[in-house]
Amino acid sequence: MLYIVATPIGNLEDITMRALRVLGEVDVIAAEDTRRTIKLLNHYEIKTKLLSFHEHSDKGKRDRIIGELLDGKDIALVSDAGTPLISDPGAILVSEAVSRGIEVTSMPGACAAITALTLSGQDGAFAFVGFLPKKASDKAKAIEKIAERDMVSVLYESPHALSKTLDALRIACGEDRHIVVAKELTKIHEHVFRGSLKEAIDFFGIENKGEYVLIVSEREEETEATDEQIIALLDEYITNGMTKKDAANATSKKLGIRPNRAYRLTL
Ligand code: SAM
């Protein structure tokens, strides 16, 4: 069996009991960064053998893992942090294992994108973008898609590229587009910024440290309704006993705006 095992994105307690049991029971753990995984294993006194497996691992390394699985060994695949294959290595290995008839199972757990989404306070459809492409023309296309999308876009970004990306988003989406920037989730310096792209640019400046998830709101529909009008109606519904969610839905219907916009304004 190949086990895809989610590991913490910061706080070592964010791992399931099943994941810990499996990490202790498998024959080998294939890890993106063995130095990082050893810290997790030491914390939980797990002694399983580690094998390095990262984005530059060649076919020979994959063949070795597939060979061991075909020999009846159990192997766990873990990434640096969070859920493997989510902007992390493992896709080809999993496809090869599936095509060779090897059983594959996945142990759900921490994922920065999902953690940030829950903090954004919206529960509708979303597009997972991950890291923007490196090539300038592909990056520009991806940003244009984010600007036009009618659902939220979830991005991963490194600290040194954050300010440039916020600026590119501002140019494509306009400075008033709403964004949530979730920094250092589950860690001591966790911070969730909520506001417009202009405010985000002012807040984060040029130099940043840490890890970031960006949740860019969907394109606003053409509407005459201002935030003040929406808030006034929300207030009225909530004062009359509606939950925030029901008030957001009722306001959205009445003013012809997206439910997400109304719900955000209840926050
Ligand atoms: N597989 C991981 C997951 O499930 O979230 C993502 C791996 S990706 C290589 C690393 C990126 O995820 C970081 O650059 C950052 O954008 C985001 N990330 C990971 N941990 C984070 C955290 N604790 N807080 C905010 N963002 C985080």
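Helices (H or I, at least four residues) and strands (E, at least two) are taken as DSSP runs and numbered from the N terminus. On this basis, the chain contains 11 helices and 10 strands. The structure is a predicted model, in which local features need pLDDT of at least 70 and side-chain atom pairs count only at pLDDT 80 or more, whereas totals for chains, interfaces and linings use all residues. Residues are numbered from 1 along each chain as its sequence is written, and side-chain values use heavy atoms, with hydrogens and water left out.

Along the principal axes, the C-alpha atoms of the chain fill a box of roughly 65 × 45 × 35 Å. Residues are termed buried under 20% relative accessible area, exposed over 50%, and partly exposed in between (1.4 Å probe, protein chains only). Of the 267 residues of the chain, 43% count as buried.

The packing of two helices was examined through their axes, which are lines fitted to C-alpha atoms, for helices over the stretch in contact, with angles running from 0 to 180 degrees between N-to-C directions. The axes of α3 (residues 59-70) and α4 come within 10 Å and cross at roughly 40°. Helix α3 is therefore oblique to α4; angles under 35 degrees count as roughly parallel, over 145 as roughly antiparallel, 65 to 115 as roughly perpendicular, and the rest as oblique. The crossing of α3 and α4 is right-handed, a term used if the near helix is turned clockwise from the far one by less than a right angle.

Side chains of opposite charge can pair when their charged atoms come close. With a salt bridge defined as a side-chain nitrogen of Lys or Arg within 4 Å of a carboxyl oxygen of Asp or Glu, the structure holds 12 salt bridges. In one of them, Arg261 pairs with Asp227, the closest N and O atoms being 2.9 Å apart. Arg261 lies in helix α11 (residues 259-266) and Asp227 in helix α9 (residues 227-239), so this pair ties together parts that are 34 residues apart in sequence. Arg261 is buried, at 10% relative accessibility, while Asp227 is partly exposed at 33%.

Another salt bridge joins Asp202 to Lys198, with 3.3 Å between the closest N and O atoms. These two residues are separated by about one helical turn, because they stand four residues apart in helix α8 (residues 197-204). Asp202 is exposed, with a relative accessible area of 54%, and Lys198 is partly exposed at 38%. A further salt bridge is formed by Asp33 and Arg35, whose closest N and O atoms are 3.4 Å apart; Arg35 is exposed, at 64% relative accessibility.

A network of salt bridges links Glu184, Lys187 and Glu211. Glu184 is located in the loop between β8 (178-183) and β9 (191-196) and is buried, at 14% relative accessibility.

Most residues other than glycine have a negative phi. Glu184, although not a glycine, has a positive phi of about 50°. A positive phi, near 55°, is also found for Glu45, which is placed in the loop between α2 (34-43) and β3 (49-52). Glu45 is exposed, at 64% relative accessibility.

Ile86 is found in the loop between β4 (75-78) and α4 (91-99), and is partly exposed, with a relative accessible area of 32%.
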